[in-house]
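I open the notebook on a new structure.

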Amino acid sequence: MLEKSNAALIEAIHAHTPQHSNPASLLMDMLNIGREAAYRRLRGEVPFTFGEASVLCARMHFSLDRVVGLAATDKLSFQLKFKEFTAPLETYNEILERDIAFMREVASDPTTEFATATNSLPAEFYGKYDSLNRFKLFKWLYQHEVGNPAVRTFEELKLPGELQRNCREYVKWVQSVATTYLIFDDSNFKHWLNALRAYREMHLISQESVRVLRDELFAMLDEMETVAVKGEFENGNRIFLYLSDIDLESSYSYVTTSRHQAVNIGMFSLNGLRTPDPLMYEYVKKWIKTQSRFSTLISGSGELRRIHYFKRQREIVAQLG
């Protein structure tokens with residue numbers, strides 16, 4: 001790499017090294033090199049190869065284009081978290097493991113802020129419920145027609161134990177973030193009702209399984225209401241729940257820490273467009289903040305609106321019979 005680009009990469013490595021971590025130790029782990037080789041690179045005595053730079057920007061969540069000065073202001077760099085593989089559950093598990101590693105890292109920063117505006121129930125709530133999580137994945141596989149043809153019904157889908165554990169682990173680390181903002185509209189539970197009815201009518205799920213899912217939806221509602229009343233998760237971390245007065249068209253989220261900024265735009269159910277681009281981060285953050293002005297805070301306040309909302313959602317879920 002050119003001298004100036006190499007110096008900019010070294011600066012980016014230092015800037016994106018978590019607090020209380022050693023950049024040389026990170027290089028040793030990420031690049032599989034010795035301690036002296038890591039320090040020689042950090043001192044600029046040995047330039048990074050393009051392959052090494054690519055690994056570092058992927059693992060440390062910064063834009064290589066911007067580091068080397070190639071990024072134009074009108075071109076934004078996205079990574080599409082969408083996969084067409086013959087083993088989709090294994091691939092989803094790999095993506096989940098990377099997300100867990102990222103959330104574990106940012107959760108250690110007390111300044112971390114995680115915000116989402118969504119028209120569907122976020123994984124930080126349904127991900128800990130085995131049947132709800134399995135139905136979400138079954139629906140995803142069926143819609144994309146990438147599932148195992150031998151798995152023709154919800155009852156036939158068996159999730160690997162590792163994937164089930166990682167779903168619950170993801171919930172744990174997302175809720176470990178210091179401050180969470182969540183904006184959602186009235187349609188989230190209705191989406192589940194419509195999907196379950198449609199799949200039942202297509203004989204893709206049994207009535208008994210629907211009843212199990214209904215009971216988990218009720219349990220999730222109880223948990224959400226408790227969180228809303230207290231304004232915090234069970235671990236004590238703060239959450240600000242907003243109920244939007246307007247319909248949300250998609251799902252947008254951002255994460256910000258003292259060292260990281262990243263956004264995600266939801267696509268195709270479980271997939272999303274992700275980027276650490278600072279310009280797009282500002283756009284998404286501004287959009288989410290704007291949505292909060294069309295919303296009512298129901299965590300720790302807005303008691304009447306909160307009571308009516310959860311009563312209405314329970315009535316919707318009860319329609320599953």
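Entry 1. I count a salt bridge when a side-chain nitrogen of Lys or Arg lies within 4 Å of a carboxyl oxygen of Asp or Glu. The model I am reading is predicted. I searched the whole structure and found twelve salt bridges. The background is simple: side chains of opposite charge can pair when their charged atoms come close.

Entry 2. I looked up Glu 113. Its salt-bridge partner is Lys 289, with 3.8 Å between the closest N and O atoms. Glu 113 sits in strand S2, residues 113-118, and Lys 289 sits in helix H12, residues 278-292. The two are 176 residues apart, so I note a link between distant parts of the chain. Is Glu 113 buried or exposed? Glu 113 is buried, because its relative accessible area is 17% and the cut-off for buried is under 20%. Lys 289 has 33% relative accessibility and counts as partly exposed.

Entry 3. Next I checked Asp 130. Its side chain meets that of Arg 168 in a salt bridge, at 2.8 Å from N to O. This pair also links distant parts of the chain, 38 residues apart. Asp 130 belongs to helix H8, residues 130-144. Arg 168 belongs to helix H9, residues 161-174. I find Asp 130 partly exposed at 37% relative accessibility. Arg 168 is partly exposed too, with a relative accessible area of 35%.

Entry 4. Which residue does Asp 186 meet in a salt bridge? The partner is Arg 312, at 2.9 Å from N to O. Asp 186 lies in the loop between strand S3 (179-184) and helix H10 (188-201), while Arg 312 lies in helix H13 (residues 303-318), so the pair ties together parts 126 residues apart in sequence. Asp 186 is partly exposed, with a relative accessible area of 31%. Arg 312 counts as partly exposed, at 31% relative accessibility.

Entry 5. I turned to helix packing. Two packed helices are described by the angle between their axes and the distance between the axes. For H10 and H13, I read an angle of about 0 degrees and axes 9 Å apart. H10 is therefore roughly parallel to H13.

Which residues make the contact? From H10 I list Asn 188, Phe 189, Lys 190 and Leu 193. From H13 I list Tyr 309, Gln 313, Ile 316 and Val 317. By type, the residues of this contact of H10 with H13 divide into five nonpolar, two polar and one charged.

How values were computed. Residues numbered from 1 in each chain as written. Predicted model: local features only at pLDDT ≥ 70, side-chain atom pairs only at ≥ 80, totals over all residues. Heavy atoms only, no water. Helix = DSSP H or I, 4+ residues; strand = E, 2+ residues; numbered from the N terminus. Buried < 20%, exposed > 50% of the residue type's maximum accessible area, 1.4 Å probe, protein only. Axes fitted to C-alpha atoms, helices over the stretch in contact; angles between N-to-C directions. Parallel < 35°, antiparallel > 145°, perpendicular 65-115°, else oblique. Contact = heavy atoms within 4.5 Å. Nonpolar A, V, L, I, M, F, W, Y, C, P; charged D, E, K, R; others polar.
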